[in-house]
Amino acid sequence: MNKERKYIILPKRDGECLFLWPKCKEKIKKQQQDVMGFLAANKIEFEECDIAANEANRKWMRENVPEESRPATGNPLPPQIFNEIKYCGNYEAFFDAREDNAVYAFLGLTAPPGSKEAEALAKKAQQ
């Protein structure tokens with residue numbers, strides 16, 4: 001039986017990302033694919049960790065989403081994005097950062113030279 005898995009993104013040092021993956025609905029799958037597609041297109045490396053089958057990973061994710069970012073009921077759903085242990089935000093925050101050309105800042109990473117985000121930062125610094 002092939003079980004579908006979902007990811008939570010955890011950027012690590014040096015532009016690598018760690019992904020955690022629980023069983024979820026189609027909307028979450030699309031959101032995770034969107035984030036993974038961005039990471040792959042921008043050559044941000046990541047590692048997969050299964051939170052569906054690994055209780056320690058699931059517990060870590062649940063414990064490290066800040067109280068103000070948790071849903072009113074139940075547990076936080078993926079994708080929840082971290083830079084090592086620092087919480088970055090959920091998919092909606094990622095989407096907003098992408099729309100604003102600020103995903104590298106959102107992830108706590110340095111925007112590569114020539115990227116839209118680096119150009120926007122340079123333009124802002126000149127003003």
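Helix α1 gives the most to the lining of the largest pocket, with three residues. The structure is a predicted model, in which local features need pLDDT of at least 70, side-chain atom pairs count only at pLDDT 80 or more, and totals for chains, interfaces and linings use all residues. Residues are numbered from 1 along each chain as its sequence is written, and side-chain values use heavy atoms, with hydrogens and water left out. Helices (H or I, at least four residues) and strands (E, at least two) are DSSP runs, numbered from the N terminus.

**The largest pocket**

A pocket is an open set of points on a 1 Å grid over the protein atoms alone, where a 1.4 Å probe fits, with protein on both sides within 12 Å along at least five of seven lines. Lining residues have an atom within 4 Å of a point. The volume is the space filled by probe spheres set on the points, which are joined across faces, edges and corners. For the largest pocket the volume is about 190 Å³.

The lining of this pocket is made up of 15 residues, and I28, Q31, L77, P78 and E92 lie nearest its centre. At least two lining residues come from each of α1 (26-41), β5 (86-90) and α3 (91-99). By class, eight of the lining residues are nonpolar, four are polar and three are charged. In this scheme Ala, Val, Leu, Ile, Met, Phe, Trp, Tyr, Cys and Pro count as nonpolar, Asp, Glu, Lys and Arg as charged, and the others, Gly among them, as polar.

Strand β4 runs antiparallel to β5, and four bridges join them; two strands pair if DSSP finds at least two bridges between them. Opposite I81 stands G89 in β5. The hairpin of β4 and β5 has two residues between the strands.

Most residues other than glycine have a negative phi, and most peptide bonds are trans. E84, in the loop between β4 and β5, has a positive phi of about 55° although it is not a glycine. With a relative accessible area of 33%, E84 is partly exposed. K43 also has a positive phi, near 55°, and its place is in the loop between α1 and β3 (46-50). K43 counts as exposed, because its relative accessibility is 74%.

The peptide bond that joins P78 and P79 is cis, with omega about -5°. P79 lies in the loop between α2 and β4.

**Salt bridges**

Side chains of opposite charge can pair when their charged atoms come close. A salt bridge is counted where a side-chain nitrogen of Lys or Arg is within 4 Å of a carboxyl oxygen of Asp or Glu. By this rule the count comes to four, and the table gives some of them.

| Pair | Closest N and O atoms |
|---|---|
| R58 and E55 | 2.3 Å |
| E67 and R70 | 3.5 Å |
| E63 and K59 | 3.9 Å |

R58 has its place in helix α2 (residues 55-64). R58 and E55 are separated by about one helical turn, because they are three residues apart in helix α2. R58 counts as buried, because its relative accessibility is 18%, whereas E55 is partly exposed, with a relative accessible area of 47%. Leaving aside its neighbours within four places in sequence, R58 is in contact (heavy atoms within 4.5 Å) with I51, A52 and A53.

E63 and K59 both lie in helix α2 as well, four residues apart, about one turn of the helix. Of this pair, E63 counts as exposed at 51% relative accessibility, and K59 is partly exposed, with a relative accessible area of 47%.

R70 is partly exposed, with a relative accessible area of 26%.

Terms used. Buried < 20%, exposed > 50% of the residue type's maximum accessible area, 1.4 Å probe, protein only.
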